[in-house]
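Here is a short tour of one protein model. Keep the sequence and the 3D view open while reading.

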Amino acid sequence: MGQIAINTTEGSKTMSHVYITYTPEHFDILKNLEEILKEEEIQCCHNKCISIGESLENFKDEFCEAKQVIAIIDYTYFTNYECMHEISNVFIENPKGRLYIIAVENDEISLSTEKQLKSTYNHWEKIVREAEKELKDYPNGERNSLKKRLEIKKQIRDSIDIFFSYLFDYKITTISDRDKQSANYKNTLFEIIEAIKTKRDNATNNIEITSESLPDSSILYTTTQTNQTGHSSELTENRVQISYNHNSKPILEYLIEKLSTESVDYMYDQIKFETNQDIQDYAYKIGISNLVIALIGEEYLKSTNCMRELLRVYQNGNLTKRLYYISIASNNFNLFDKSTAQTMYEYWDSEFIKGNNKAKNVPALENLEELNLLKETQNIKENIKDIINQLARIYSNSIELSIEQCSINTKQKLKISKFVKRVKTKQNELNHC
């Protein structure tokens, strides 16, 4: 690798508009993209050559904070440490709307398959186990760099599900080695750059969210009673936040009982919030939490307040590490039915149409809260399909319960007990990081 291309102004580093992550096998595609980007006067950078002695970690801001990211991937990309380090950080920072994937396939290998997902995960799981073993064999004084690389490898492993969900669920550009010789090859690259250029040109019309516009962190909100560890009601970094619909009270009550028994630090809302701002602030706090349990059934997915909370969690990314959930099935509903995502989209589309018609008959200045609710409904509608797809991708973080009456049986209690032990293990890991 060699030195990285950094755009500077009066000697200070500025973030490039486009970051390109790629494998050395496709340096030719990189050069073609660079030529087009230069013609369009779009700044870009990549890990073309990090200087000897320098670390990719030093340039983390470049691929985390670039406005747009282009990933040129093939089957070797998934086992390349530098490439997967880059892409895992992109996913942590939320890739939606800024990631463009160019998948280079051949006649024998297709990248967006369950087989490739399993193979990639198993590869990095093995790498993590080997790194953990190596760390144990080193003297304490020499373990810092190994420990840091182990954390990066774990991050890569834990982001694989989300990465592949993009390959499965989003439109990506697929080319073959033969395409590089065709007349359509450069046109394909031009289309990607044109999309990036359009987003750049439209950016001036967007409102930038700054730290000053975020909710006040001192807002008072409702918590549970102190648990067996005697923790207070103040928000702690790794406290479990519980998102639920009131129709799932029987499950919630037993979940709370087991969390207390296992001395898991947790929080949930017990009373109705007085203002819409209180609701927004509480959803924000759940969204940024390191550990969330969601009780997801049909009523939950049709609740604006519940979906507001789940949407905030989703928008902050890294669901594999942060979100555990209980899928609540009934006679007419199962979260993992193929039709569920479409059914929920249609529900929220209908809610948006009704809200829009209502808002047309009310002067904006007299009904600002109604308009904000309409905007929230639209946001839920636009993301509901992807949220449900993401839940399916982290199925291993969930359990499924079927509740036909207002009670849970012994078998279901056992499943919840095992589920809570997994959450406790995760909280302990976070507390000792």
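Helix 7 passes helix 14 in a right-handed crossing. A crossing is right-handed if the near helix is turned clockwise from the far one by less than a right angle, and left-handed if anticlockwise. Helices are DSSP runs of H or I with at least four residues, strands are runs of E with at least two, and both are numbered from the N terminus.

This is a predicted model: local features need pLDDT of at least 70, side-chain atom pairs count only at pLDDT 80 or more, and totals for chains, interfaces and linings use all residues. Residues are numbered from 1 along each chain as its sequence is written, and side-chain values use heavy atoms, without hydrogens and water.

## Helix 1

Buried residues of helix 1 include Ile29, Leu33 and Ile36. Buried means under 20% relative accessible area, exposed over 50%, and partly exposed in between (1.4 Å probe, protein chains only). After helix 1 comes Glu41, with a positive phi near 60°.

## Aromatic rings

How many aromatic pairs are there? The count is four. Rings of Phe, Tyr and Trp (its six-membered ring) pair if their centres lie within 6.5 Å; planes under 30 degrees apart are stacked, over 60 edge-to-face, the rest tilted. Two of the pairs follow.

| Pair | Centres | Planes | Type |
|---|---|---|---|
| Phe336 and Tyr395 | 5.1 Å | 75° | edge-to-face |
| Tyr347 and Trp348 | 5.2 Å | 85° | edge-to-face |

Phe336 lies in the loop between strand 11 and helix 12, and Tyr395 in the loop between helix 13 and strand 12, so the pair ties together parts 59 residues apart in sequence. Phe336 is partly exposed at 27%. Tyr395 is partly exposed at 45%. Trp348 is buried, at 1% relative accessible area.
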